[in-house]
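Student: I would like to go through some labels given to residues in a model. For each one, please set the value against the cut-off.

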Amino acid sequence: MLKNPASKYRAFAPIGLKDRTWPDAQITRAPIWLSTDLRDGNQALIEPMDLQRKLRMFEMLVRIGFKEIEVGFPAASQIEWDFVRKLIDEDRIPDDVTIQVMTPAREELIGRTVDAVQGARRAIVHVYNAVAPVWRTVVFGMEVPEVMALVERHIRQVRELTDARPETEWVLQYSPETFSLAELDVSLQACETAIAAWGPGRPIILNLPTTVEAATPNIFADQIEWMARHFAGRPEVVLSVHPHNDRGTGTAAAEMALMAGAHRVEGCLFGNGERTGNLDIVNVALNMYVQGVSPELDFSDIDAIRAEVEHCNQLPVPARHPYAGDLVYTSFSGSHQDAIKKGFAARRPDDVWEIPYLPIDPKDLGRSYEAVIRVNSQSGKGGMAYLLETEYGMQLPRRLQIEFSQAVQRAMDVEGKELAAADLWRIFCGEYGLDATPPLQDRELASRTNAHGVQETELRGSIDWQGRVRPVHGLGNGPIDAFVNALGAATGHSIRVVDYHEHAIGGTGAVGGDARAAAYVELRVDDGRQVFGVGMDHDIISAAIRAVTSGVLRAARTQSAGAAQEAVA
């Protein structure tokens, strides 16, 4: 019998926090956000950013509203050092933004790191060392007391170096790296050691990372609540989290950590970072936004931000990425499209946002409704009608939607690709002859009273019918009825109007060349099946006449095609 391959793994033990309170908590305000795109994100790139791309990323992060930005690992390379110095020497850091630099707990690297930020108005020095068992024993060969001695020695070094530079306001950030894999009492001891070495009462950030995700996010939340209880009532301590995404639950881990007492969140735009990436700050921030909580970050032009991130990172943001991907506001399913269309139709401007299948208003992120519904072979009439209405102002009656969906399906069967709004419009114009329907020439309308004393409309004119100009003359109870009778007499078709709709295209203030009318007429021609005709013109009578002509021509084509098929059979 084959051995179970999963037997070489072991489950992560629960924390055993029986009186946990975080499951009933709510996120009611934005945390402190730190972007680590320029450090943790940058070090994970195949080709790390050059100075120009780094500067573009920094300036974008400032525009978005980040007040804390980890700008690099200045002891790691000359370009990292040069970038930090460029920001400081050229006074590129706004007064309300604090930069952060990172260093491992190594004496020679700490010194160079502090030197790199000399002259900054305010700076966070981020020191880390791993504390989890496998790192202690396998990587560093240390016992717990040796780890604590390392923490104390190097935090004291940071204190001495920063005390000698009083022109800068210094904040220490200490990370017990691999926190999520370590024993809680060891992590707590490391944090308390760092606080004591830095000096009681001095501002400190304790950053608790899921360096490698190894458990469900509720366990991380228990770990954070356990730690938060030990630092309650100590205002100088800011509890920060730095989730990674190895299990695909970085967003959930961050949100639950905030519920459990974390004050601060570190991550990258769109989740860039080592392996499967860091926490996606955009995801967490906009999750808050759709719960009615302002994230205090500006993602109102999400496409521009995505494009800039893709340029700086030289990596694409996937089409299905939450909130930002090309397809996240797109529905191909016919039933989804129909529900979205009805939701928009029912919504009033001041309503709470409740649109089926759209958790956020795309306009809030600078996206247009154009992309909300797209058409493929699985799409339905609702999506097609929505696109024609939003892009071209056409308000198709429901039975016309059904009829036109068949034409679209035929096109999809041939082309086999997604259809954009422009493709739908091309098919619609071709199917209903909007560019080919002949107008009524030399139109004359007159009112008269017949022998029975009933008011009638008399219509005269001419029309180019299938290559031949024919005079038309008819009477009816209105212009449309008169034209139906006139066209029937001129062409030999029996025409009956079953239904009629009309509307203006454009705003109520449109005048002259900006104002057009659309007419939709459902006809029964020669007692055959009912067909629609569509007409557009600058006056409603001309639009209606074009619609009748369109419907009769379509019926004639259908009859000709049917006769040809019978002849072949």
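Student: Why is Tyr392 called partly exposed?

Tutor: This is a predicted model, in which local features need pLDDT of at least 70, side-chain atom pairs count only at pLDDT 80 or more, and totals for chains, interfaces and linings use all residues. Residues are numbered from 1 along each chain as its sequence is written, and side-chain values use heavy atoms, with hydrogens and water left out. Buried means under 20% relative accessible area, exposed means over 50%, and partly exposed lies in between (1.4 Å probe, protein chains only). Tyr392 has 25% relative accessibility, so the label is partly exposed.

Student: What makes Trp425 buried?

Tutor: Its relative accessibility is 18%, so Trp425 counts as buried.

Student: How many aromatic pairs does a search of the whole structure find?

Tutor: The search finds eight. Rings of Phe, Tyr and Trp (its six-membered ring) pair if their centres lie within 6.5 Å; planes under 30 degrees apart count as stacked, over 60 as edge-to-face and the rest as tilted. One of the pairs is Phe179 with Phe220, at 6.3 Å centre to centre and 75° between the planes, which is edge-to-face.

Student: Where in the chain do Phe179 and Phe220 lie?

Tutor: Phe179 is in the loop between strand 5 (169-177) and helix 7 (184-198), while Phe220 is in helix 8 (residues 217-230), so the pair links distant parts of the chain, 41 residues apart. Helices (H or I, at least four residues) and strands (E, at least two) are DSSP runs, numbered from the N terminus. Phe179 is buried at a relative accessible area of 0%, and Phe220 is buried at 4%.

Student: Why is the pair of Tyr392 and Trp425 called stacked?

Tutor: The planes are 10° apart and the centres 4.5 Å apart, which makes the pair stacked. Tyr392 is in helix 13 (residues 381-392) and Trp425 in helix 15 (residues 421-432), so the pair ties together parts 33 residues apart in sequence.

Student: Why does Arg470 have no salt bridge?

Tutor: A salt bridge is a side-chain nitrogen of Lys or Arg within 4 Å of a carboxyl oxygen of Asp or Glu. Lys and Arg count as positive and Asp and Glu as negative; His and the chain ends are not counted. Arg470 is buried, and the nearest side chain of opposite charge, Asp464, is 7.7 Å away. Arg470 is found in strand 11 (residues 468-476), and its side chain reaches the backbone oxygen of Ala490 at 3.1 Å.

Student: What is noted about phi of Phe270?

Tutor: Phi of Phe270 is near 65°, a positive value in a residue other than glycine. Most residues other than glycine have a negative phi. Phe270 lies in the loop between strand 8 (264-267) and helix 10 (281-289), and at 9% relative accessibility Phe270 counts as buried.

Definitions and conventions. Polar contact = N/O pair within 3.5 Å; in protein donor to acceptor, adjacent residues only side chain to side chain.
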